[in-house]
Amino acid sequence: RLMHGQVSVGWVPHVRATVVVVANDRIAADPLLSGIVRAGASSFRVETLSVAEAARRGAGAEWERETVIMLFESLQDARRAIDAGLSVARLNLGGLRHDQGLVCLCDGVTLDSDDCAILRDLVGRGVQVDVRLMPRDRSCALPPLAREGGR
């Protein structure tokens, strides 16, 4: 579910990505799932790594000559990677769905109270948050509950 058309047809060409990193503990631990995730790529490389390994490699110089898109299943995973040393200047939210979300930002992006707390933390650390499914979409504004100092 992490590697799909919105990424490969929309975001990869938009940012001219050469590598897509799927940072997900479950997928990285399962050779079958990793193979399925990597099978859809043609003009770019896909790596499936645990969140900790993606953070370690991203914090180092391994991809310094690459343009990398790193995909996380959740904001919790993104924060784990950032806490482990991954430098993130901009975080795009797209396709975050919850059955009983607290705040619907735009079609396909819904946050619960934990997500809002994580976003407040990340925004407070200087991470720029962009909310949109596809590059051609207009970015949705973060609600006060998800902005630094918001309630």
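Which residues in helix 6 are buried? In this predicted model, where local features need pLDDT of at least 70, side-chain atom pairs count only at pLDDT 80 or more, and totals for chains, interfaces and linings use all residues, Asp115, Cys116, Ile118, Leu119 and Leu122 are buried in helix 6, buried meaning under 20% relative accessible area, exposed over 50% and partly exposed in between (1.4 Å probe, protein chains only). Residues are numbered from 1 along each chain as its sequence is written, and side-chain values use heavy atoms, with hydrogens and water left out.

**Helix 6**
- Helices (H or I, at least four residues) and strands (E, at least two) are DSSP runs, numbered from the N terminus.
- The buried residues of helix 6 pack against helix 5 (75-83), strand 4 (90-93), strand 5 (103-106), strand 6 (109-111) and strand 7 (128-131), with contact meaning heavy atoms within 4.5 Å.
- Helix 6 is followed by glycine 126, whose phi is positive, near 95 degrees.

**Salt bridges**
- The structure holds 12 salt bridges, each defined as a side-chain nitrogen of Lys or Arg within 4 Å of a carboxyl oxygen of Asp or Glu.
- One of them pairs arginine 80 with aspartate 25, the closest N and O atoms being 2.9 Å apart; this pair links distant parts of the chain, arginine 80 in helix 5 and aspartate 25 in helix 2 (residues 25-28), 55 residues apart.
- Arginine 56 forms a salt bridge with glutamate 53, with closest N and O atoms 2.6 Å apart, and both lie in helix 4 (residues 51-59), three residues apart, about one turn of the helix.
- Arginine 56 counts as exposed at 53% relative accessibility, whereas glutamate 53 counts as partly exposed at 25%.
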